[in-house]
Structure formats: structure tokens, C-alpha cells
Amino acid sequence: MDGAHSVALDHAVPRQRTGWTLTDAALALAEPQERAIRHRSGPLLLIGEAGTGKTEVLARRFESLVAEGAAPERIMVMSSTRATAERLRQRVEQLLDRPLEELWIGTWEQLGERVLREHSTAAGLDPLFDVLGPAERLAMLLDRIDDLPLRGHEIRGNPAGLLARLLEQIDEVKAGSEPPDPELVDLIAAHDRILADTCSLDRGDVYLTLNRLFDERPDVRAQVAHRFEYLMVDELEDTTRAQRAILAGLREDNPNQLYALDLGGDEEGVSEWALGFSPGGGPVLGEPEGRETGRRAHSDTPSSSLVASVELTRQFREPETKFWRCSNERAQAQAVAREAEHLIAQGTPPDDICVLVENQQRGGPVAAAMEERGIPFHLSGPAALFQRPEVRDAIAWLRVLADPDDSAAAARALTRPPVELRSADLARLTTIARRRKLDLVSACDAALESPQIPPEARERIQSFLKLYGTASAAMEERRADVFVRRLIEAVGLRRQRLFAAQPEVAERLLGLSRLAELAAGWARREANGSTRDFVRHLSAVADAGVEPAGVVEPPAPGAVQGHTRNAVKGMEFEHVFVLGMERAAGAERIGRPGRTGLVLARVERGDDGESRPSDFYAAALSDSDAEEEAHAEELFGPAEGLHATYRMLREEVLEASWKAGRELSEPRLDTAVDVNRAIARYLELLKLAALAQRPGDEATEEAIEAVNGLLRQVATPEQQAELDASSLDAYLLGSEREREGRRKLIAARQEPSLEAFLPRRGDGALSLSASDLDLYLTCPLKYKFRRVFGIPQEPTINQRFGILVHNVLERFHKEGEDQGSEEGLRRLMGLFEAGWRRTGFGSSDDELQFRDRAREAMRLYWERERESEGEPVWLERKFDFRIGEHHVRGRVDRVDRLPDGGHELIDYKTGERKSEAALESDLQLSLYRLAASEAWGLEANAGSYYYVLDAEKVPAPVGPDDAERVERTVFQVGEGVLGQDFEPSPSPTVCSWCDYKLICPAAES
Ligand code: SF4
């Protein structure tokens, strides 16, 4: 039989916990599945949704083929995801009851690479070719960035970030998408040339090369097709065109192929090619169109007569689905952590709870919210290795050894084991570094002589310097991989972990070994590279958050599992939270990972302002009977737990009322009992409402007693008996104790006082500027790193550019009367060119892009000035005034006198332009207006931002309560700083640009 058949799986296999834990007896398969298992000859298409047992059918068919005499190594089974491949392998080994060395079960990438290695000469490849992951490719591109056609892309000081995004686009094109612009086609060619120079392939190349090989060498194709008597493919829906072309090619020589397909409710999107495997389908397999790779597509020629397909019915139990509308990202993260805490308290193992985020950066707020509740949380993903504390410690040492000016790395190496300098001593050290203009390592030397450093800190600094000196000498002499291993031993990173009696010790040691393997892989490829080159590679890869090749993450037992949406396919959990559903990208890849509970959560106000529910979310909500639940950001405190309990009990009250109501309609002997029970539940709900809203700080125990006393006055003896039998009071007191424990835990973690290092003026008052306020409101921990510790940072290209533009414009207005004339334009351009040279900008693509844009911007600035009605009267004018006990200081870039006699305050910006609407709650210009009035006695009735690169002036809205708002904010921030409240407030946008990622605990898992 050589036709493709399709069998619909219309009966559910019992769902399984992580791994294959059910006995065979429990897996009673329905007739269509049995039919698929018994199928022996010709292609067969299985169509079934998640939970219909497709993967189990593949494993059982493998077992049955072997039972009939087929050799296991002559059956190839491939899937798109590692999770599914691993489950298949485990299940087959379980069914065959023996471990097998030579199984051909794996992902497309693993198996494709094995086949190519066996036929490397025929494929025209070096026998020792490497398959590189995104991290290695990123590093290679960074090394050769000047050879890449990037002028059309905005680099904006972050070439690693840009290249990481472009690599994703390259992969998409290799998987079959159209290139978004012609420059990407050139970039792909340059990228492929660089890989070819080092005898390397990327993952997409594995399939394209295999496809070309089968196309050009039918003898090799026939050899492979006959070597594998049976070929089975799970997750057919995720295959690329090149992969399907490979299947079609092999099928010509051996039709014994079985495909498992989950249309996942997206019949329209998949049907175009899926039909190639089923009735009425045309030839749809082939190489992506529009590629100029020189590789010929393999045409699909389904010679088969095809049997009819069967409509599928959903037979497995749907999890209960809830819809959350969260006021912001933090509210969403808090709601997940709260719910996870309840689930764990009710007996759900933490690793059976999964949180799905759009990408790894979006996992930060969840990690912080889990941390607040002491819930272990593990976020998997490409860059997970770089989020491990022990790996970050090793990276910090490598970075500071390679560059002593890397202050963030030095701060981490100094404050983490084995040195463990206390934070107050780090602040002393950074003060010395600032005053003497030294890097932190040299400041350590200087600190040994300083009387400000206490003896205990001096000892720690000495131990740091000793380790630094030894490692620094070895760094020059050793190969990168040898050096990394030595460093791990010398700094004692392995030892510390061995003595920490934690269950995750082994996992941490694995993290360090992986780092060493990464160095070994790099040293193999870059035989002449120095350890410093490796550190540059490692930093770029870790910062861009891309996946190094061959790094497989170990499991994280006992922790709530965090995954990105596109990595969860093939996995199952008891409860799943899908976050960020205001953006639906990748939602179709999620499958159905939740067995009992599924929460779809969306955020109303994100980094980019207000957001609407995605179509995916809206459709799911309208298909269900559920109502959206609203979640607002809540301060961490006792009342928050009461709110959560209130919500839970509200459901119980409704249920109890419903039950009692039914019995009232058909009274029985015990109807009164149920009615009294329902009333007692309602009284408990009242109790919770009273406790949650009580004013003052009365202890929970006393407050419960007081409310119980009042309830006793209204409850009948029967209802009182119900209340006495309830465990609610014990639960509330237990929760209170837990929270107290958490508070103590956080308090125990607290650092010694940083009182002496808070930024103050001579009179002892706190000093705050507009950018301090913005910094603290954005992330209090970032404020601490920058303003309290004063950790020195090399200015970025964006910052250097901003300073240059401010200086040029100031001098342009100060130094001449010719601003409106052609001479003025020449002077402005001259000032810019001289400043550009003096500031030390070079000729990288990134710098040249800034220069080109700035030249044009200067010309437009001059034109606008000629037409401007305002006349600059002050430039860079300083202010200092008091709000309450705090000093507020700063300087205004420019103050213009307007024709009507009023004044306009102008602030130059060299970053991205904001709209007037986005400036609705702007603080900076409101503060400047207040400053003008308080410090200069000037009533400025207008304020604007001048976006220099866009040559646009955007007025900031003026509100009647602006002054009050500024004062409120200054008090709020002042209180936070004086109270040393420096909790991190992670958000994807801010953290991705943060200089302190390496030392920030919120950035590690
Ligand atoms: S990475 Fe920076 S911005 Fe993000 S939480 Fe840490 S300190 Fe704050």
C-alpha cells in the first residue's frame, strides 16, 4: 500500500503527569489508535488534538514493530520539540524494558545532524563540521560586525541586541518566511559566508543541506530511506517546508512513514501544506520561495491515492479556564504568585504549576513576585544558564579580570562569596574610587590604606586582591577553557556550593560545568582566540539572552516552572498561567498544557501604555461562560491575604447558597442544616470583609476575636455551632504567621544601614533631582546602585552622544549673535564636527549612523530656530529649592522668552520621541516649572521637550494640580530613600537597558 491514509484519534488517552508514570493497563487505547499502531505499510496521517494520545501511539507502534522483529535502530522517530522527543524516548525505553544505545529518536535537528555526519562528504561538508546555536552565531557576527550590511538598521548603541533580533529573522527566513527587506537577504549571505569559513552550519542549514543532498544524490536518499524501515514524525504541524520536502523525498523510496498532526484549531493556517498529506491535496512540499541559497527545492509528488480523513471530536476534559484582567504587569505577577501559593498550600506540587511568559525578559516580574512569597521559581529558556547565580558569579570574575573598569562585575565579585564584602563597605569603596578617579580594583588597593575601611572589610578586600592577582596572571597564559575551569576552582565557586547543604547543589554544579563546556566549545572553534576574546563573546551572548549550542537545561525539581510560550509544547502541568495575553504572538504554540486549571491573564497598562485584549484572548473569553476577574497591584501586607481569602470564600458562599436553595425547593429532613451552613458561610464572608477593611494596625488575632463577638450577637445557636466548627480562624492565623515568617526572612536578608551613603546636601537634607525621582520610580534598586553606591559606569554611546548635543547647542546660543544666518548654520555644523572629533567617536556603523542623523538634525534645528518666536534667555540654568525637608536640584537646558512676555522651559532629548498623550503624567517639566517659580521667582507658563534627532518640539501638558503632584512625588521618593526601601522593580524594557543586570538579584533565577 503506498497511499497516505489518515486516522482520526477520537478517544482520549488518560492524561499523564510529567513523564510517563501510568501503567500500560491504565492506557486503554481506542480503536482508531489501535489501528494506527497496527498499520504496517504505506504513509499514514494521524490527526488528533492534544490529549488524543498521538505520542503514545507512536511509542506503542515502535514497541509493536520491534515485537514483530524490526530492529530498533531501523526505526526513526522525530519531533520538533525536545520535550516531546524526550518523552518519546523515555516511553519507548519503558515499553521495550531496556535502555538502547542506538535509538534514532530525537528532534529534527539532532537526527538531521546525525544523518549529515554519516554523509558529510557527499553533502560537501567538512567531516568535523559544527552546528552552531544562536549564541555562537551572534558572537561570530559581533566579531565581524564591520563586514555586515547593517547601515539600514538602527544599532543605537546595542549591536548585540540588534544582531540577536536579526538572527531570529534569519532563522524565520530559513524556515520558510519571506525576507522582510532586501538588506536581510544580503545579511543572510554574509552570515552564511562567515559560517562557511569556520566549517559551521546553523540549525536551519541542517535541513536545507539535507534536502539538497537528497535532491542531488538520489543514491544517498535511497540509502537513508531503506536504512530506516519505518519513519515516524510527531508534531508534523511544526515542520518547516524544507523538513516536509525531506519527508516527501524519502517517501519516494520508502513509503512507510507515519505522521502525527495536531491542527490545534488552526485548520486554516496549516491546511495549505497539511493537505499534501491528505485527500485532495496538491503538491505543497518544497523549499521556501524567495530564498537565494542556491539550493533546489524538492518537489512533492504525492503519487498516492488517499483515503478520506475523519472529523475529529474533542474528547478529553478541558481544564477550568479563568480570565484575568490585571491593572499592570506587577499586578499580574502578584496575582500569579498569590494563586500559586494557594495551590501549593492545597497540595499541588510546585513543579506541577507552570507560568508561561512571552519571552524571558517578561519572567522578571514573576520571579520577583514569587521571591516575595518565598516560592521557588525556575524560569527556563535560552538564557537560563546565564541567570544562574553561580554562573553569574563566574561571569563577574571573568569580566572584571578582562576589564578592571567593569564596575558592575567588580561589585558582584566583591559582594558575593567567597569575598562577601558588606554593602556599606562597597559604598565606602565606590566613594574612594570616585574621589580618586580609580577603577574599583585599584580602589581596593587604595582602600587598604584608608582609615575609613574597618579591619574586617580590609581582610575581605585583601582576599579579593589575592584571588584577583593570581587569576589575572593565569588569564594571560591559559587557554579559555582551561582558565575557566581553574578560575571556578580558584575562586571556590564549586566548593562553596558543595558545603551549602541545599538540594539544588548538584544542579548548580551542573551550571558551572556547562559554563566550562561552553568555553571548551569556543576554544575548539577559535583556536587562536585569547581568554579575553572568550570573555567578550560570553558577555555579548549573556547580555543578548541567546541560547548557546548544546546547553540542555537540567530540571528544577520543587520549583514552580516558568517557560516561554514557544517552549512549552509537549509538556503538561496541573495548573498553567498564560501571561501577557494582550499580545497573542506564539499563543498558537502553547497547545493544551494544563490538566486541571488554566488562567489566561492580560495587562491593561504595559510599558507602551494602555493595551487591549488580543483577538486570541477575546475569542477565548467570548467562547466561555466565565467572567473576567480584575486584579490590581496590591501592596504586600496582611490585608492582601484577606482579600484573596475573601475571593475564595465568595465562591463557596455562592455554592452553599445554591445547594441550600435547591433543598428549600424540595425540603428534606436535613434542609435546615444546609440552610444554616449557607448562612454561616455568609457570616464568615462578612467577617473577612470586616477584617480586610479594618483601620489601624490591630493584630489579626484580636481583630478576629472582636468580629466574632459581634457575629455571636446575630447568629442562631445552630449557625454559631457551624461557625465554631469552621477552620477559617485557624487558617487566617496560620497565614498571618506565614506572612510574619516571610517578613522576618526579608528582614534577615537586610543589609547594614546605608544611612551614611544617602545623597545629602551640606545641611544634611536629602538631595533629589528630576532624574533621581525618575530613577527611583522606575526601579528603587537601580537608584541604590547608581546614587547610593555610586557604582561608576562607562557612559554608553547614547549618553556620550546626548552630552555632545547638549554642549554643542549651548555653545551655539551662547557664542554668537548669528543664529539665524547662514553663517550661524556653518558655525553650528562646525561646533558639532569639532565636538564629534573631541568626544572620541569612531567610525563604526553605529557611530556613523548617529553622526548622519545628528548632522541632519542640526540643520533642522537651525531652520526651526530661524522661525522660532521664542528667544533663549538662559541656558543650562541651575536651580535648588526645598520641598519639605528635601532639596530639589537640577538645571534647565534652555529658557525662552515668548513674544507675549511669558517664558517657556525647554529640555533637549536625544532619545525616542514621546507623543503629547504619553507626556500626560510627565513629571520633569512640571518640576521645572515649580523650580522656576520657587528658585527663580519666574512663572513659566509653558514647557516643551525638544527631540533633537526628530527635530520636533512637543509641549508637555500643564495641569492645575502639577505642583501638588510634584510635591507628593518628592515626599514619596524621599520617604522611600530615607527608609532605605530599595526593592527591585523589574520590567522588561527597563531591565534590558540596565547597567546593573549582573549584580541585580531580580535578574537571576
Ligand atoms: S536589572 Fe536594573 S532595572 Fe531591572 S530590577 Fe535590576 S536593578 Fe532594577
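This is a predicted model: local features need pLDDT of at least 70, side-chain atom pairs count only at pLDDT 80 or more; totals for chains, interfaces and linings use all residues.
A crossing of two helices is called left-handed if the near helix is turned anticlockwise from the far one by less than a right angle, and right-handed if clockwise.

The chain has 1005 residues, of which 52% count as buried. Its secondary structure comes to 36 helices and 22 strands. Among contacts in the chain with a separation of 6 or more, 72% are between residues 24 or more positions apart.

Two packed helices are described by the angle between their axes and the distance between the axes. Helix 17, residues 440-447, packs against helix 18, residues 455-477, at an angle of about 130°, and their axes are 10 Å apart. That angle makes helix 17 oblique to helix 18. The crossing of helix 17 and helix 18 is left-handed. On the side of helix 17, the contact is made by Val441, Cys444, Asp445 and Ala447, and on the side of helix 18 by Arg458, Ile461, Phe464, Leu465 and Tyr468. By type, the residues of this contact are seven nonpolar, no polar and two charged.

Helix 31 (residues 797-814) and helix 32 (residues 822-838) form another pair, with axes that come within 10 Å and cross at roughly 145°. Here the crossing is right-handed. Helix 31 contributes Phe801, Leu804, Val808, Leu809, Arg811 and Phe812 to the contact, while helix 32 contributes Gly824, Arg827, Leu828, Leu831, Phe832, Gly835, Trp836 and Arg838. The residues of the contact between helix 31 and helix 32 divide into nine nonpolar, two polar and three charged.

Helix 5 spans residues 134-143, and eight of its ten residues are buried, so helix 5 is largely enclosed by the rest of the structure. The buried residues are Pro134, Ala135, Glu136, Arg137, Leu138, Ala139, Met140 and Leu141.

Histidine 119 lies in the loop between helix 4 (108-118) and strand 5 (130-132). Its relative accessibility is 13%, so histidine 119 counts as buried. Leaving aside residues up to four places away in sequence, histidine 119 touches Leu213, Val220, Gln223 and Val224. Histidine 119 and leucine 210 are 91 residues apart in sequence, but 9.4 Å apart in space, C-alpha to C-alpha. Threonine 671 belongs to helix 25, residues 671-693. With 6% relative accessibility, threonine 671 counts as buried. Its contacts, again without residues up to four places away in sequence, are Glu663 and Leu664.

Some loops have backbone features to note. Most residues other than glycine have a negative phi, and most peptide bonds are trans. Cysteine 199 has a positive phi, near 55°, and sits in the loop between helix 7 (182-197) and strand 6 (200-202). Cysteine 199 is partly exposed, with a relative accessible area of 34%. Glutamine 980 also has a positive phi near 55°, and is found in the loop between helix 35 (962-978) and helix 36 (988-992). Glutamine 980 is partly exposed, at 23% relative accessible area. The peptide bond from proline 417 to proline 418 is cis, with omega near 5°. Proline 418 is in the loop between helix 15 (407-415) and helix 16 (423-436).

The model also holds a ligand, surrounded by Cys779, Lys782, Pro984, Pro986, Val990, Cys991, Cys994, Lys997 and Cys1000. The residues of this shell are seven nonpolar, no polar and two charged.

Key
Residues are numbered from 1 along each chain as its sequence is written. Side-chain values use heavy atoms; hydrogens and water are left out. Axes are lines fitted to C-alpha atoms, for helices over the stretch in contact, and angles run from 0 to 180 degrees between N-to-C directions. Helices (H or I, at least four residues) and strands (E, at least two) are DSSP runs, numbered from the N terminus. Angles under 35 degrees count as roughly parallel, over 145 as roughly antiparallel, 65 to 115 as roughly perpendicular and the rest as oblique. Contact means heavy atoms within 4.5 Å. Ala, Val, Leu, Ile, Met, Phe, Trp, Tyr, Cys and Pro count as nonpolar, Asp, Glu, Lys and Arg as charged, and the others, Gly among them, as polar. A residue is near a molecule or strand if one of its heavy atoms lies within 4 Å of it. Buried means under 20% relative accessible area, exposed over 50%, partly exposed in between (1.4 Å probe, protein chains only).
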